[in-house]
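Visitor: Hi! I'm new to this one, could you walk me through it?

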Amino acid sequence: MSAAADIERAQRQALPFGTGPILLGVCVAAACAAPFVLNGYGLYVLNLTGVFALVALGLNLLTGYAGQISLCHAAFFGVGAYATAILTQTAGVPYLLSLLVGGLLTACVGAVVAVPAMRLKSLYLAIATLGFGVVLQKIIFEWRSLTNGGGGLALSPPVIGGYELRATGLYYLTLAVVTLGVWGAWNVSRGRTGRALLIIKESEIAAGALGIPAARYKVIAFAISAFYAAVAGGLFAYLVRYIHPENFSVGLSIAFLSMVVIGGLGTIGGSIVGAAFYVIVPELLRGIKDAPGLVFGLLLVIVMVLMPKGLWGLARRIGRRA
Amino acid sequence: MARLSIEDVSVDFGGIHALQDVTFEFESGAIVGLIGPNGAGKSTLLNCVSGITRPTQGRVRLDDKVLSALPPASVAGCGIGRVFQHPELVVDLSVRENLLIACHRSLGYGLVSELLKLPNMWRAERDAARRVDQMLDRLGLSDSAELAIRNLPYGHRKLVDLGRALLMDVRFLLLDEPIAGLNDAEVAKLRELLLRLRDELGIGILVVEHNMPFVSRLCDRLVVLDLGRLIANGLPADVLRDPTVMASYLGEDA
């Protein structure tokens, strides 16, 4: 094919100018208006979507960009949830500050988990991170003096600036944090770190030849990703107001990974769409007696077979044709 | 003027001597061809210089700095560019974005600036974009800047790969079979480009290539390896007439 034809095709593929910002504006406006439209249950589902979207954003940087599989994100989510809850409830640290500190603490845990990632690849890395996830969950369970072990932790609503956060307040907090998270992930994915992660996924040797130390960037990717998961965990803890070690099992890690793959690897939009699909579709299927699991499972298979680039890839294809 | 020295370098893989006591050096501003039959150790030598393979014995030096103890990313940071036989580009990204990857080290901003898009980030990115524009112009790829690599012909991909190495402000460039897969017009263009790069930027180029006419017209000097040993080092005309070289290497084709 001639270069001219290539260029013409590339130009055709570009979205009409301004479509992106307009769509984004509509989504943000709809999200802001949601508490006025939805009932308590609907708002809870939407809040949970936001929390999971935050995890997916971080995981997508690690898996979609850097090509590293993690099966311990539920544990990062859990460490963040417990750290935030304990800091706020037991130590009396202001909620927003505990979210940040919990996130930074878990980022350090994530950096430690990254150490085997410097040597392991693909399935081997997946199994190693699976092991880490189990260990972290076990630590939460056994450290009874701090976490109350199997008894779980019951939490009272958090207070920000003298105002007690109920469902609507928590929802707006999640919305604000997710917006910040999208902004940060967008910047990183288009900055030197995002580009470094992409070339590391392609070839670590090529990355080295370009002066990019693969090992250091894998640690950075794990740390950022764990930070996102932990902040989401801190929001989750106060959304459900009761956390238990069993909440953070490997099953949830697999769910996080599914969200990223279904939504679209290596895309910001995909993280959000994937989380929405994973949370909202089972809720919509609830009416079908006994069948929600079955239908949802089949939907997962269909999405993967028909949309190799995930739901976001499909949305982009439709957007280009329009 | 910088000098790259390969000093008594040996590499053993298990019981196999991939390189044995190879010694030669060259200065920036020179184009040196590294030739030899398959399995002679040419790529192993390039890997030693770029830090991918540790020499079992001997060392590689850039002026007074010993490179053979450094990891590949640090060697690259010293100004040693490496272009692989098959370009390893991110195929979903555009030509411009692939070139930006190579600006990594010169973009000095930290992670926090990046997450929050602080002014120092976008200022650095703007400067890098300008350097990429100049490189696109130099390579004659300005028209393809926004194309995804997957829509780019192979010859252009090799140019992008070369451009990436050059954007690191290299003093020495290691090229592994740069013309494999290129057509005659592309080969002629590449030769001109390499000569121009040497003259304008004063860089030293070490090139592994099988195509004798290309090598003899491009290189100031030839180094010949056979079975891991250096068997000749001199002007192209002299080396190609050397009976040892003809026996070991050119004899194969005769």
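Guide: Two strands count as paired if DSSP finds at least two bridges between them. Also keep in mind that this is a predicted model.

Visitor: Which sheet do they belong to, and in what order do its strands come?
Guide: They are part of an open sheet of four strands in chain B, with the order S2-S1-S4-S5 and antiparallel pairing.

Visitor: Which strands stand at the edges there?
Guide: Strand S2 (16-27) and strand S5 (65-66) of chain B do. Each has a single partner strand, so one side of each is left without a neighbour in the sheet.

Visitor: What holds strands of a sheet together in pairs, anyway?
Guide: Strands of a sheet pair through backbone hydrogen bonds, either parallel or antiparallel.

Visitor: Where might I see the parallel sense in chain B?
Guide: Look at strand S7 (residues 172-176) and strand S8 (residues 204-208) of chain B, which pair that way over five bridges. Leu173(B) in this region stands opposite Ile205(B) in S8(B). Both strands sit in an open sheet of six, ordered S6-S7-S8-S3-S9-S10 in chain B, where the pairing is mixed.

Visitor: And which strands are at the edges of that sheet?
Guide: Those are strand S6 (80-83) and strand S10 (229-234) of chain B; each has a single partner strand, so one side of each lacks a neighbour in the sheet. On average, neighbouring strands of this sheet are turned by 15° against each other, direction ignored.

Visitor: Which helix lies across it?
Guide: Helix H1 (residues 42-49) of chain B lies across S3, S6, S7, S8 and S9 of chain B, running at about 150° to S7(B).

Visitor: Switching to chain A: how many helices and strands?
Guide: Chain A has 15 helices and four strands. Of its 322 residues, 47% count as buried.

Visitor: What about its radius of gyration?
Guide: It is 20 Å for chain A, which agrees with the value near 20 Å that a compact globule of 322 residues would have.

Visitor: What is the mean pLDDT of chain A?
Guide: The mean is 89, and 94% of the residues of chain A reach 70 or more. Over residues 1-7 of chain A, though, the pLDDT is below 50. Residues 10-15 of chain A are also below 50.

Note on methods: Residues numbered from 1 in each chain as written. Chains lettered and ligands numbered in written order. Predicted model: local features only at pLDDT ≥ 70, side-chain atom pairs only at ≥ 80, totals over all residues. Helix = DSSP H or I, 4+ residues; strand = E, 2+ residues; numbered from the N terminus. Axes fitted to C-alpha atoms, helices over the stretch in contact; angles between N-to-C directions. Contact = placed C-beta atoms within 7 Å. pLDDT = per-residue confidence, 0-100. Rg over C-alpha atoms; globule rule 2.2 N^0.38 Å. Buried ≥ 20, exposed ≤ 12 C-beta atoms within 10 Å, placed from the backbone.
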